[in-house]
Amino acid sequence: MSSASRAAVALAAIATLPAGAIAAQAAPASHPGKPVYDRWCAACHGDRGAGDGEGAAHMLPRPRDFTRAIYQIRTTASGELPTDADILRVIDVGVPGTAMPGWREQLTDRQRADLVGYLKSFSPDFERAAPAPISIGEEPAGGADALAEGKRVYDQLECFKCHGREGRGDGTSAPTLADDWDQPIRAADLTESWTFNGGDAVADIYLRLRTGLDGTPMPSFSDAVEAKIVTDEQLWRVAQYVRSLSPERPPRVREVIRAARVEGALPAGPADTAWSAVEAYYVPLVGQVVARPRWFVPTVDGIWVQAVHDGRSIAMRLAWSDPSRSPDPAWDEWLGRIRAGVPADPGPGRADSVPAAQGPDRLTLQFPQRPTDDSERPYFLGGSRRRPVHLVRWSSGGAAVEEGLGTGPGSFAPLAGGTGFAGGGEWRDGRWLVQLTRPLAVRDSTLPGLTPGTAVPIAFALADGSNGEGGLRGSVSTWYAIHPDVPTPTRVYVQPVVAALLAAGLGVVVVGRAQRRQRGERRLTSEES
Amino acid sequence: MKRALLSGILVIGAAGVVAACGGGDGGEAASGDAPAAGAPASDAPAAAPLGSGTITGTISFTGTPPQNPTIDMAEEPDCKAKHASAPVDPQVVVANGKLANAIVYVKSGLPAGAAVPAATTPVVLDQDGCLYEPRALAVMTGQPIEIRNSDPVLHNIKAVPKVNRGFNVSQPSQGMKTTRSFDKAETMVPLECSVHGWMHANVAVLEHPYHAVSGPDGTFSITGLPAGTYEVEAWHEKLGTRTAQVTVPEAGSATADLSFAASGS
């Protein structure tokens with residue numbers, strides 16, 4: 001190669017650099033991004049960017065290890081470095097579905113740009129020329145046919161191997177997945193688009209299909225497009241279909257779950273089609289990180305709650321994504337990885353490590369034991385001695401629903417009678433559907449009855465046995481309220497009609513009398529004249 | 001594709017094919033970097049083999065080889081059907097005391113600054129019956145690896161290197177071919193399939209062509225060496241490494257027989 005052509009190549013390389021590329025290799029000690037990083041990022045990502053900060057061991061996925069320069073969310077081809085804009089985007093908006101928050105509001109433009117440069121300085125790979133984003137076209141118009149095609153291609157490309165037939169991350173390969181640091185990693189639950197790591201616009205999803213998510217098992221499909229195994233348009237269809245599996249907007253969280261009054265029978269079971277007509281309320285759950293053993297890596301991050309009553313009994317349906325029906329031997333490998341990857345979190349005098357055997361999946365409903373108002377609700381995490389809670393537990397083991405009293409985190413004293421809760425559940429395609437039913441009134445006066453027209457506090461807890469959960473390990477909600485609606489009485493419809501009729505009748509009388517009086521007066525006047 | 005091309009250009013530069021290049025590949029985008037780190041100096045004119053010496057040998061295994069784990073392929077009947085008996089993961093393959101799938105390569109001793117010819121012939125890595133074939137391979141930096149899917153099921157081929165950049169490519173269709181290469185020396189680059197967690201292969205990426213993989217009879221042969229004294233290493237995914245020092249006379253041959261043993265023996 002002549003020196004001239006070498007220079008030309010070098011020039012060409014420079015020309016492909018994005019304008020304003022941020023220098024990677026400033027001396028870290030004096031880098032302007034260092035103080036920002038040390039203050040805001042190092043606690044998770046580690047002083048030297050190896051993803052090994054103090055908080056890291058409890059997190060799955062682990063905080064990014066910048067020393068290997070492997071970035072999930074990119075606009076560049078599989079295995080390529082990210083662009084500066086790619087890194088900045090993640091700093092700005094965070095990584096949904098993980099512990100990484102967005103920093104656009106906290107840090108100035110200058111600080112965030114400095115951070116990009118500093119992160120790059122952790123890996124010599126950034127000495128390479130900056131890669132160019134892959135070029136992508138416009139999203140084609142959607143519609144029902146597009147979604148049907150997307151579903152067909154989703155199956156053809158065997159996306160279900162990891163993401164499951166219905167997209168809930170319950171594919172047959174899901175229990176075996178690990179990231180590049182050999183930590184267990186979930187196949188994304190495609191029905192919760194608000195947890196998509198790289199955003200949930202159709203174009204975001206399409207980009208993930210084209211670029212893959214480096215460091216994870218998710219591959220790039222660009223080669224498959226190049227090899228004409230799938231067309232670019234079909235890949236867009238898959239993205240549109242995947243997006244359609246989630247609600248258009250992230251579910252709004254509402255404090256009060258209303259149980260409508262229904263005429264006729266309550267739904268017969270969790271799969272009863274009558275439930276499809278009942279309003280569903282989304283309750284977000286988070287890992288139980290208050291009492292030891294704390295749990296930072298829960299499987300379940302939300303539950304959909306529906307309720308109806310018929311004046312005598314109330315039926316609730318609870319639905320949540322869980323890729324395993326625990327215990328399931330196929331998930332033993334997963335539990336082994338969780339045990340290896342999550343440190344024990346011992347309480348005083350206890351050596352609490354993640355159990356070696358899978359327990360069942362378990363749902364717990366929690367109510368105050370005694371009537372209460374907002375200012376005196378029991379402690380949200382299992383109540384206290386002074387203000388106990390009434391606990392209702394359903395588990396996948398097939399045992400009957402249990403009721404008990406809780407007087408603190410993790411406590412459960414079985415009740416002989418209880419409030420008459422009964423129910424059952426079924427698991428299909430990565431989702432539990434559980435129906436629990438009880439009489440509104442209770443015979444045991446120490447337990448709370450439910451009265452139409454009165455809201456009662458309720459909280460939720462879930463455990464996924466195959467994830468090593470059970471006891472205090474699992475996910476919990478704070479207090480919400482359940483409100484059995486008062487039926488609209490017949491008089492509400494009759495009274496306005498009666499009132500209108502009465503008013504009209506009265507009007508006729510009044511006007512009639514006035515007219516008669518007027519006529520009488522005229523007669524008198526004419527007689528006088 | 002672009003990656004392979006870039007690497008190819010780098011290797012051509014590394015091999016110092018100054019005269020032959022003649023701008024044939026010029027005009028293509030290139031990184032503008034210096035030749036791959038650690039590559040032999042680029043100003044040596046030679047592109048021919050450095051010599052005609054040979055190292056041959058046999059990799060043996062003494063003791064009882066470990067049992068290879070069976071694989072539950074119930075979820076992939078199309079792959080399962082390709083196996084006459086219950087599929088096993090062939091981690092340690094021993095026949096008559098001879099070990100297959102050991103990667104043998106010259107670890108040190110090449111003349112400093114020697115310009116070695118680039119390797120442009122693709123090495124094929126197949127996915128057949130939901131197993132890699134071969135499961136151990138050695139390539140030169142920049143040498144294309146043609147990855148084939150001979151199964152009617154989804155595979156993804158994922159490289160998890162420490163030095164090179166990785167990749168993770170979906171191959172959703174039987175017959176699909178993907179070509180990739182690595183531009184830096186690295187022993188070893190693990191390859192894996194996320195869909196089928198049991199699938200593993202390893203690639204040795206070297207800056208020279210003096211490498212081989214032991215066959216079913218344990219033998220290997222490394223050719224084209226100049227006279228000299230070399231450290232030869234045999235690497236096996238489960239058994240670790242063995243090294244030997246050999247002296248190759250001008251246009252002659254040397255023998256490097258290496259032996260692994262069952263753990264504990």
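I started with the largest nonpolar core, which has 31 residues. Such a core is a set of buried Ala, Val, Leu, Ile, Met, Phe, Trp, Tyr and Cys residues joined through side-chain atoms within 4.5 Å. Buried means under 20% relative accessible area with a 1.4 Å probe, protein chains only. Among the residues with the most contacts inside this core I noted Ile303(A), Trp320(A) and Phe460(A). I then listed the neighbours of Ile303(A), leaving out residues up to four places away in sequence. They include Tyr281(A), Val283(A), Leu318(A), Leu363(A) and Leu462(A). Contact here means heavy atoms within 4.5 Å.

This is a predicted model: local features need pLDDT of at least 70, side-chain atom pairs count only at pLDDT 80 or more, and totals for chains, interfaces and linings use all residues. Residues are numbered from 1 along each chain as its sequence is written, chains are lettered from A and ligands numbered from 1 in the order written, and side-chain values use heavy atoms, without hydrogens and water.

Next I checked the shape of chain A. Its radius of gyration is 31 Å, whereas a compact globule of 529 residues would have one near 24 Å. The radius is taken over C-alpha atoms, and the globule rule is 2.2 Å times the number of residues to the power 0.38. The C-alpha trace of chain A spans about 130 × 75 × 50 Å along its principal axes. In chain A, 49% of the 529 residues count as buried.

Last, I looked at the backbone. Leu60(A) and Pro61(A) are joined by a cis peptide bond, omega about -5 degrees. Arg292(A) to Pro293(A) is also cis. Cys130(B) has a positive phi of about 60 degrees without being a glycine. Cys130(B) counts as buried because its relative accessibility is 0%.

Note on methods
Buried means under 20% relative accessible area, exposed over 50%, partly exposed in between (1.4 Å probe, protein chains only).
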